[in-house]
Amino acid sequence: MSHSSQSMVESPSMEKDLTLADSPAYRRNIENFDNAAKVLNLDSNIARRLRQPERILIVSVPVRMDDGTVNVYTGYRVQHNDSLGPYKGGIRFHEEVDLGEVSALAMSMTWTCAVMGLPLGGGKGAVKVDPFRLSRRELQNLTRRYTAEILPIIGPNTDVPAPDMGTNEQTMAWIVDTFSQRLGHFAPAIVTGKPVEVGGSVLRSEATGRGVVYTIEEAANEIGLNLKGATYVLHGFGNVGTFAAQEMTKRGAKLIAVADVSGGYVNKSGFDVHQLFEHVRRNRTLEGIAAERVPALDVLTVPCDVLIPAATGHVIDSNNAPKIKCKIMAEGANGPTMPEADVILERNGVFTIPDIVCNAGGVTVSYFEWVQGGMHFFWNEEEIDTRLQAIIRKGYRGARAFAKDHNVPTRIAALCVGISRVDKAMRLRGLYA
Ligand code: NAD
């Protein structure tokens with residue numbers, strides 16, 4: 001049975017009640033979802049259910065600051081779909097985050113897990129805060145209180161958070177401790193992306209950046225691009241960006257422009273990536289590196305072979321898309337490209353690796369961490385890397401095969417593969433009434 005998007009929009013929905021549709025990130029995801037649903041001729045009942053999250057929790061997070069005052073931050077946990085397994089998705093600390101974006105990110109996690117064939121669903125959490133303005137103690141207070149507020153809906157078998165923008169291994173360790181204090185015993189399975197010392201997996205930190213480069217390798221093979229000597233540009237130099245840079249360096253590629261929250265930096269003769277790591281380790285940002293300074297967004301239009309957005313969402317739109325001159329655009333970040341930009345990039349022959357495939361390495365190793373924690377038996381680096389490559393290359397090839405068979409862009413193809421797996425599971429499970 002086919003559906004018209006008109007009838008779906010008019011039905012009463014969480015989407016309308018919570019004005020999710022006002023968010024560009026949510027609108028982008030819905031537009032892509034509707035396009036994929038059309039290709040699949042998806043049942044309208046299933047489509048209506050999948051267009052909105054299953055559960056949204058909004059919490060207020062009071063935090064005692066170092067000067068004795070109390071600040072109150074807004075936090076979210078959104079659970080999109082758990083038809084294939086427990087909700088899974090990171091926690092973001094960012095001052096510009098809103099409910100629409102968290103809901104979009106939760107939805108993307110459903111498709112990422114499904115397209116990779118992982119037995120997990122999609123969720124996402126966030127706190128609207130600039131973590132760089134908080135001291136370590138304030139950040140710990142914020143993390144612990146946010147964890148306490150969302151504890152009623154998360155758990156090792158229900159919803160397992162992980163790091164995302166603005167959070168890291170340390171944040172996950174504080175969450176483990178908060179949950180363990182509540183239970184009265186060590187309970188690391190509440191999150192993935194933990195330090196190895198408290199039950200984490202080797203290679204989890206590296207996983208997203210590595211996965212990005214494994215998919216770039218696949219794409220480069222398809223278009224006949226040699227990564228040795230290829231130029232690339234990074235928008236974002238945090239967890240995903242730095243480990244992607246490490247892998248690109250191993251393959252002999254040259255970083256010619258990079259941006260982070262402090263701005264954009266161009267060096268046409270190529271940066272020494274190791275020096276950049278050291279600079280950021282010491283100073284937290286790229287501020288002060290020797291290079292030509294440009295606004296952060298301008299690095300996206302520096303001509304290169306491979307462009308890797310690895311920071312915030314919706315940075316590529318109809319304004320800058322015509323100026324993007326790259327062969328491959330690999331979405332390390334979630335949702336960097338707006339649908340109208342997709343059309344322009346496609347027309348200009350840019351080979352796009354969509355986020356739900358490109359950045360799936362993180363959740364794949366998070367899945368391994370969850371499995372290893374359950375067995376209390378841990379794999380070594382080689383075992384993890386072999387398994388990661390097997391899953392991410394298979395996911396990539398599955399999406400590309402669908403794209404070729406149905407003559408649709410890889411983004412829509414990847415969504416179709418993911419959505420059809422969730423659709424099958426929903427039909428088999430039936431509707432609880
Ligand atoms: P991070 O916090 O470690 O790093 C973010 C980087 O982006 C930093 O260099 C920061 O300075 C920069 N940045 C922030 N705001 C910016 C702006 N306005 N302009 C330019 N740069 C800016 O975050 P991360 O974990 O590397 O995540 C980056 C992206 O990758 C996000 O979209 C996230 O959802 C996605 N992602 C992360 C993972 C993961 O495992 N960490 C997995 C999948 C997807």
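Me: Buried means under 20% relative accessible area, exposed over 50% and partly exposed in between, with a 1.4 Å probe and protein chains only. Is Gly374 buried or exposed?
Reply: Gly374 is exposed, at a relative accessible area of 58%. This is a predicted model, where local features need pLDDT of at least 70 and side-chain atom pairs count only at pLDDT 80 or more, while totals for chains, interfaces and linings use all residues. Residues are numbered from 1 along each chain as its sequence is written, and side-chain values use heavy atoms, with hydrogens and water left out.

Me: Which helix is Gly374 in?
Reply: Gly374 belongs to helix α13, residues 361-375. Helices here are DSSP runs (H or I, at least four residues; strands are E, at least two), numbered from the N terminus.

Me: What does Ser366 touch, leaving out residues up to four places away in sequence?
Reply: Lys88, Ala162, Thr192, Gly193 and Arg204. Contact means heavy atoms within 4.5 Å. As for Arg49, the C-alpha atoms of Ser366 and Arg49 are 27 Å apart, and the sequence separation is 317 residues.

Me: At what angle do α13 and α14 cross?
Reply: Roughly 130 degrees, and the axes of α13 and α14 (residues 381-406) come within 10 Å. The axes are lines fitted to C-alpha atoms, for helices over the stretch in contact, and the angles run from 0 to 180 degrees between N-to-C directions. That makes α13 and α14 oblique to each other; under 35 degrees would be roughly parallel, over 145 roughly antiparallel, 65 to 115 roughly perpendicular, and the rest is oblique.

Me: Which residues make that contact?
Reply: From α13, Gly361, Thr364, Val365, Phe368 and Gln372; from α14, Ile384, Arg387, Leu388, Ile391 and Ile392. By class there are six nonpolar, three polar and one charged. Ala, Val, Leu, Ile, Met, Phe, Trp, Tyr, Cys and Pro count as nonpolar, Asp, Glu, Lys and Arg as charged, and the others, Gly among them, as polar.

Me: OK, another pair. How far apart are the axes of α6 and α7?
Reply: They are 9 Å apart, and α6 (residues 136-150) packs on α7 (residues 169-183) at about 50 degrees. α6 is therefore oblique to α7.

Me: What's in the α6 and α7 contact?
Reply: α6 brings residues including Arg136, Leu139 and Arg144, and α7 brings residues including Trp174, Ile175 and Arg182. The contact divides into four nonpolar, six polar and four charged residues.

Me: Last one: where is Glu101?
Reply: Glu101 is in helix α5, residues 99-115. Glu101 is buried, at 12% relative accessible area. Leaving out residues up to four places away in sequence, Glu101 touches Ser23, Ala25, Arg92, Glu96, Gly313 and His314.
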